[in-house]
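Please work through each task before reading its solution.

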Amino acid sequence: MKATDKVTEYMLVRAFYEILDGIRDTEWTFIELDERELESLVAPESLLDCHMFVLHSSGMANYKAYGKHTNDHYWTAGFPLVKLTGWK
């Protein structure tokens, strides 16, 4: 297994456990809406904050960002910098 695969696997496992922690003590509530009420709802904004272009010593890179008010984490899969820059 390559180092980048290990990093990706770690991030996926970590994200899975964060999801489990987030729903463990959640009380679920359901509501019924008619079409008019549903159309009047405003979509929430999901602004991204703390953008990071992460460079790894292996020559790989990835991009990360976080939800500004939600603490959601977003990231890309690793990609080789050689393909991005054309360096050899």
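**Exercise 1.** State the average pLDDT of the chain and where confidence is lowest and highest.

Solution. The model is predicted, with local features requiring pLDDT of at least 70 and side-chain atom pairs pLDDT 80 or more, while totals for chains, interfaces and linings use all residues. Residues are numbered from 1 along each chain as its sequence is written, and side-chain values use heavy atoms, without hydrogens and water. pLDDT is the predictor's confidence in each residue, from 0 to 100. The chain average is 76, and 73% of the residues reach at least 70. Helix α1 (residues 3–23) has the lowest confidence, a mean of 67, and strand β2 (residues 60–67) the highest, 86. Helices (H or I, at least four residues) and strands (E, at least two) are DSSP runs, numbered from the N terminus. Where pLDDT is low, the predicted coordinates should not be read in detail.

**Exercise 2.** Determine whether Met-11 is buried or exposed.

Solution. Met-11 belongs to helix α1. Buried means under 20% relative accessible area, exposed over 50%, and partly exposed in between (1.4 Å probe, protein chains only). Met-11 is therefore buried, at 13% relative accessibility. In sequence, Met-11 and Trp-75 are 64 residues apart; their C-alpha atoms are 9.2 Å apart in space.

**Exercise 3.** Classify Leu-38 and Glu-35 as buried or exposed.

Solution. Leu-38 lies in helix α2, as does Glu-35, the helix spanning residues 35–39. Leu-38 is exposed because its relative accessibility is 52%. Glu-35 is likewise exposed, since its relative accessible area is 59%.
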